[in-house]
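Here is a short briefing for a first look at this structure. Start with the picture, then take the topics one by one.

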Amino acid sequence: MTLATTDPSPSMTDAFYASVQQAPNGERIRACLQCGMCSGVCPFGYLMDYTPSRIIAALRSGIFDDVMRNDSVWMCIACYACTQVCPSGIPLTERLMARAKEELLFAGSAPSELQIALENSQRYGNALGQSPRKRADWAKGLTPPVPVLGKDKKQTQALWFVGDYASFHPRVQAASRAFARILHALKVEFAILGVDEHSDGDSQRLAGERVLFEALAKKNGAAFRKYQFAEIITTDPHTYNALKNVYPLLGVAYPVRHYTQFLVEKLDLLKPLLKTALSAKVAFHDPCYLGRANGVYDEPRALLTAIPGVELVEMEHNRKTSLCCGGGGGGMWLETFLWEKAHTRTSEWRVREAIETGANILAVACPYEPPRFEDATKTIKEAAGLRVRDVAELLAESMGV
Ligand code: SF4
Ligand code: SF4
């Protein structure tokens, strides 16, 4: 669809091309073969007027203004599939698509629902628009309690960065409580930041709001510096991606692990606690920001297969070829826009794949996924027997905690 609101300058093509090339590996854009693999693998490539390869062709032809007059860039859900397959190693997700979104934001051409999430992130420090004072409310009533840095202590072994959805979304809070119980059962010394935690900003960055991302990273960096801890663990692959790969470029560098990596190293302690057999056929969904973006595939599977009674099955698209849930790069905040464009959801494609395996549990390890996949199960008749559970919830169930 053509937008009427942008007024691109005559030099936009040159300026945009130059800015993409300034990023790490950005110069590889000149090596594009126009093979079309990026467009072919893109979940919404069949609907986008401007896929990555077509944007590059437009840049080379000096008609980038046309890209900026089109809203199809907002169909990019930052799934890294194009980056994964590009034979020229071009940072398509991180650079080309995020920069194109940034230009559209500058021009005021972002869907309103995305603008609301970005404004919430700026005003409240979380995209959901929740009061920052309620960030630790999910842990209320837990026994033993979840320690909060600044309130209960000043130092800890493991700082758990909980993240926006795991802190505020009612469905995902259940997974957070399960992980807290596991940490207590394993006698891990940990604490959370509570009110001092802000959105990691990674999805805002990949939705084109780099300045906001940097402001959020700065606030989190300041919070980290107030306390002493040996490492950060996080239940959110988007947080993991930001803290591991992008925060260090801004001078905020700490060792960080996703919770599945953290727990796998404690399997010797964990296994004897996994006492209840679950008798379940489990399909694991690889989150884009844990798998494709960071190469973590084995750890969640090792945890699942350690649970007595679990039979692990693989969906047709798994590991590197995993299908995106649709929530990345601002997709969480573009539900209406994407639905109006596609009249389908990638989360529904994924649930159908899980059904085809005969699984009765779709296991996830990212806070974006339980609500997305559970919504999808409600729209698919055959999904009536499929439950969506975080890996932490399955572990906690087997442990009886
Ligand atoms: S996959 Fe890479 S080389 Fe091929 S068209 Fe896309 S950007 Fe160009
Ligand atoms: S990151 Fe994913 S959604 Fe975005 S252009 Fe690449 S393949 Fe398409």
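This is a predicted model. Its chain falls into three parts: domain 1 (12–109), domain 2 (124–264) and domain 3 (272–399). The notes below begin with the domains, then turn to the overall build, a ligand shell and a sheet.

**Domains 1 and 2**
- The centres of domain 1 and domain 2, taken over C-alpha atoms, lie 31 Å apart.
- Where the two touch, domain 1 gives 6 residues and domain 2 gives 6 residues.
- On the domain 1 side of this contact, 4 residues are nonpolar and 2 are charged. No polar residue takes part on that side.

**Overall build**
- The chain holds 19 helices and 8 strands.
- Its radius of gyration is 21 Å, close to the 21 Å that the globule rule gives for 401 residues, so the chain is as compact as a globular protein of that length.
- Along the principal axes, the C-alpha atoms of the chain fill a box of roughly 65 × 50 × 35 Å.

**The shell around ligand 2**
- Ligand 2 is surrounded by 16 residues.
- The closest of them are Cys42, Cys76, Cys79, Ala81 and Cys82.
- Two helices, H5 (81–85) and H6 (92–106), each supply at least two residues of this shell.
- H6 gives the largest share, with 3 residues.
- By class, the shell has 14 nonpolar and 2 polar residues. It has no charged residues.

**An open sheet of four strands**
- Which order do the 4 strands of the open sheet follow? They run S2-S1-S3-S4, and the pairing is parallel.
- Strand S2 (190–192) and strand S4 (256–258) are the edge strands. Each has a single partner strand, so one side of each is left without a neighbour in the sheet.
- On average, neighbouring strands of this sheet are turned by 35 degrees against each other, direction ignored.
- Strand S1 (residues 155–161) pairs with S2 in the parallel sense, over 3 bridges.
- Leu159 stands opposite Ala191, which belongs to S2.
- Helix H12 (residues 237–246) packs on the sheet. H12 touches S1, strand S3 (228–234) and S4. The direction of H12 makes about 155 degrees with that of S4.

Notes. Residues numbered from 1 in each chain as written. Chains lettered and ligands numbered in written order. Predicted model: local features only at pLDDT ≥ 70, side-chain atom pairs only at ≥ 80, totals over all residues. Domains from an automatic or database assignment. Contact = placed C-beta atoms within 7 Å. Nonpolar A, V, L, I, M, F, W, Y, C, P; charged D, E, K, R; others polar. Near = placed C-beta within 6 Å. Pairing = 2+ DSSP bridges. Axes fitted to C-alpha atoms, helices over the stretch in contact; angles between N-to-C directions. Rg over C-alpha atoms; globule rule 2.2 N^0.38 Å.
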